[in-house]
Amino acid sequence: MSTSSTVDRAFRAALYDTGDTALDTGASLLAADPAADAELSRRGEELVATAWRRGWQPADVVRVVRRELDDAHVRLVTALIRAQAPRDDTPRGPRWRAQLARLGEAGADPAPRGDRFSYATAVLELYRLLLRLPALEPLDGTAAPDPSDRRPESRMLGRIRALLAKAEATGFPEEAEALSAKAQELMARHSVDEALLAARAPSAEAPGACRIGVEPPYEQAKAVLLDAVAGANHCRAVWNEPLGFSTVVGFAPDLEAVELLYTSLLVQATTAMTGAEAAQRAGGRKRTKTFRQSFLAAYAHRVGTRLAAAAETQVSDDLLPVLASRAVAVTDRTDRLFPETTTTRLRGVSDAAGWEEGARAADDARVRTRPRLP
């Protein structure tokens with residue numbers, strides 16, 4: 001019997017049936033034929049390539065595998081993506097390459113296989129998931145990089161990352177405030193500098209898009225927070241609740257600013273929420289899921305209000321036409337990607353103490369306006 005025949009039989013038994021018995025049958029066939037391993041890996045790389053054609057990107061696939069399966073499956077899919085990359089003949093942009101680089105850092109060591117039956121079972125579970133991935137809106141991961149690729153951006157964004165990392169790490173609220181405010185000031189300056197460059201020397205750059213994970217628990221409140229951060233940075237966000245991410249549309253430097261600020265605010269919100277819960281418990285009041293949901297909802301609402309107010313004061317009159325033009329381009333790109341969207345209402349926001357504590361935490365994470373550019 002050929003190795004291809006073994007894999008075909010295992011796939012027929014296990015991939016198109018969701019039952020455990022079918023999975024055991026397929027795994028037994030593969031475990032009994034060590035020579036089939038190479039063909040099994042090749043088929044996995046084909047499934048990865050199919051995911052790319054259906055609009056998925058490396059970070060998206062790893063995120064959904066982590067969400068639906070276990071760490072062993074994450075290591076398996078990371079190895080498949082890295083093995084498939086040299087044979088990927090589609091031109092990829094810098095964001096795609098950065099995702100592959102992060103996979104290399106996170107998954108340099110393959111998972112130990114253990115016994116053959118357990119390994120085959122994990123592979124088939126992974127392939128079941130890959131086979132059922134739905135088509136996604138194609139983003140800009142296949143776009144060739146701009147030859148003028150502006151490297152000064154990286155130095156500024158590196159400074160912003162360092163400031164936000166310090167804000168997240170410090171145990172002193174006042175220091176976290178100052179560091180976060182300085183980071184947002186640099187983000188605003190960076191974004192406006194980009195718009196000024198566009199005004200002086202218009203380029204062919206068009207809005208791009210990226211997907212940012214919005215993970216449970218309390219994903220509704222987190223999606224609201226991400227939407228607020230996106231709006232304040234001249235971007236639009238569309239949440240895909242079933243798959244656990246939001247697609248953010250905007251110009252490249254603004255997209256990176258959104259990723260940085262959202263991640264930092266989420267870390268700071270979680271830290272503040274933990275402290276608020278501890279204080280509530282010390283006062284003899286037991287707080288539960290409704291407290292945390294209300295806390296994060298209030299935090300997202302208040303941060304959004306403050307960011308929107310700050311954004312209105314950061315633009316001089318001579319820059320308005322440029323930003324308006326870019327806003328039209330972002331809206332057009334969003335509408336083409338998502339011709340049909342719906343709105344949703346936050347659920348589970350019923351704890352007054354949680355709301356008050358969340359609003360207070362958002363005030364502590366205040367964002368000051370940048371000084372006007374000369």
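**Stop 1: helix 3 and helix 7**

Select Asp-37, Leu-40, Ser-41, Gly-44, Leu-47 and Val-48 in helix 3, which meet Arg-116, Val-123, Tyr-127, Leu-130 and Leu-131 in helix 7; contact means heavy atoms within 4.5 Å. By class, this contact of helix 3 with helix 7 holds seven nonpolar, two polar and two charged residues (Ala, Val, Leu, Ile, Met, Phe, Trp, Tyr, Cys and Pro count as nonpolar, Asp, Glu, Lys and Arg as charged, and the others, Gly among them, as polar).

The model is predicted: local features need pLDDT of at least 70 and side-chain atom pairs count only at pLDDT 80 or more, while totals for chains, interfaces and linings use all residues. Residues are numbered from 1 along each chain as its sequence is written, and side-chain values use heavy atoms, with hydrogens and water left out.

Now show helix 3 (residues 37-53) and helix 7 (residues 116-131) whole: their axes come within 10 Å and cross at roughly 20°. Helices are DSSP runs of H or I with at least four residues, numbered from the N terminus; axes are lines fitted to C-alpha atoms over the stretch in contact, and angles run from 0 to 180 degrees between N-to-C directions. Helix 3 and helix 7 are therefore roughly parallel to each other (angles under 35 degrees count as roughly parallel, over 145 as roughly antiparallel, 65 to 115 as roughly perpendicular and the rest as oblique).

**Stop 2**

**Stop 3**

Gln-84 lies in helix 5 (residues 71-84) and is buried, with a relative accessible area of 7% (buried means under 20% relative accessible area, exposed over 50%, partly exposed in between, with a 1.4 Å probe and protein chains only). Trp-52 also counts as buried, at 8% relative accessibility.

**Stop 3: an aromatic pair**

A search of the whole structure finds three aromatic pairs (rings of Phe, Tyr and Trp, its six-membered ring, pair if their centres lie within 6.5 Å; planes under 30 degrees apart count as stacked, over 60 as edge-to-face and the rest as tilted). Select Phe-11 and Tyr-127: this pair is edge-to-face, 6.0 Å centre to centre with 85° between the planes.

Key: Helix = DSSP H or I, 4+ residues; strand = E, 2+ residues; numbered from the N terminus.
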